[in-house]
Amino acid sequence: HQSTEFTVTAIIQQQQTSKNYRQVILGSERQWVLLLRGINEQASELCFLIYDQEGNQSYLNTGSGNEPLLLNTKQAYGIAARLTKNELLLTVTHLGSKRQLQTKHFVLKEQLSTWKQLQQPAENRFVIGDVDGTARFQGLIDEISVWTQTLPLETIASHFQATAPDAKLEQLTQQLATQQLELARLQRPLE
């Protein structure tokens, strides 16, 4: 009876959301799913869905207890889930200029009475952006990485520091967008 420990990371950018709108990021079918749950039109909360032996779902919402892990639409984030026998760690890193890492810990023995299924080797398919083929992720999912070990928090943080966009590039991109809007305004016919 071997324990399953792993870390998954991805870079995501959600284009749209709404209240309680759920979007799958990735997961192992019928075992666990990392997903976003819409809070309003501008932000979603990072959640973890886990299945018990009978296939019933349990949500681990980052909003329980202290502040939820929120992701705004149209912004890039590095997300990670690190799962051990007793703990789930979810992290969100905004890939803007600040690159702030936020974390949320769940002690699984306290959260779930049906934790045994995930300690069995996964025999189900790995899913990205959808669980059953009926929906698709509204945005971008990129640079998915899966480790068959738990990575230290420092390694997760440095992983996203390396992938975060350069501040000068962001500034130039913003300037270009502003200039394109001004050009479009100037090219409009006079009324």
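**View 1. V146 sits in strand 11, a strand being a DSSP run of E with at least two residues, numbered from the N terminus.** V146 is partly exposed, at a relative accessible area of 48%; here buried means under 20%, exposed over 50%, and partly exposed in between, with a 1.4 Å probe and protein chains only. Together with F126 and I128, V146 makes a nonpolar surface patch of about 270 Å². Such patches take residues with over 30% relative accessible area and no salt bridge, joining nonpolar side chains within 5 Å; a salt bridge is a Lys or Arg side-chain nitrogen within 4 Å of an Asp or Glu carboxyl oxygen. Areas come from the Shrake-Rupley method with a 1.4 Å probe.

A note before moving on: this is a predicted model, where local features need pLDDT of at least 70, side-chain atom pairs count only at pLDDT 80 or more, and totals for chains, interfaces and linings use all residues. Residues are numbered from 1 along each chain as its sequence is written, and side-chain values use heavy atoms, leaving out hydrogens and water.

**View 2. The open sheet has 5 strands in the order 9-8-7-1-11, with antiparallel pairing.** At its edges are strand 9 (101-107) and strand 11 (139-147), each pairing on one side only; pairing requires at least two DSSP bridges between two strands.

**View 3. Strand 8 (residues 87-94) and strand 9 run antiparallel, joined by 7 bridges.** Look for T91, whose bridge partner in strand 9 is T103.

**View 4. L83 belongs to strand 7 (residues 76-83).** L83 is buried, with a relative accessible area of 1%. Its C-alpha atom is separated by 6.3 Å from that of T7, 76 residues apart along the chain.

Technical notes. Helices (H or I, at least four residues) and strands (E, at least two) are DSSP runs, numbered from the N terminus. Patches are made of residues with over 30% relative accessible area and no salt bridge: like charges are joined within 9 Å, nonpolar side chains (Val, Leu, Ile, Met, Phe, Trp, Tyr) within 5 Å.
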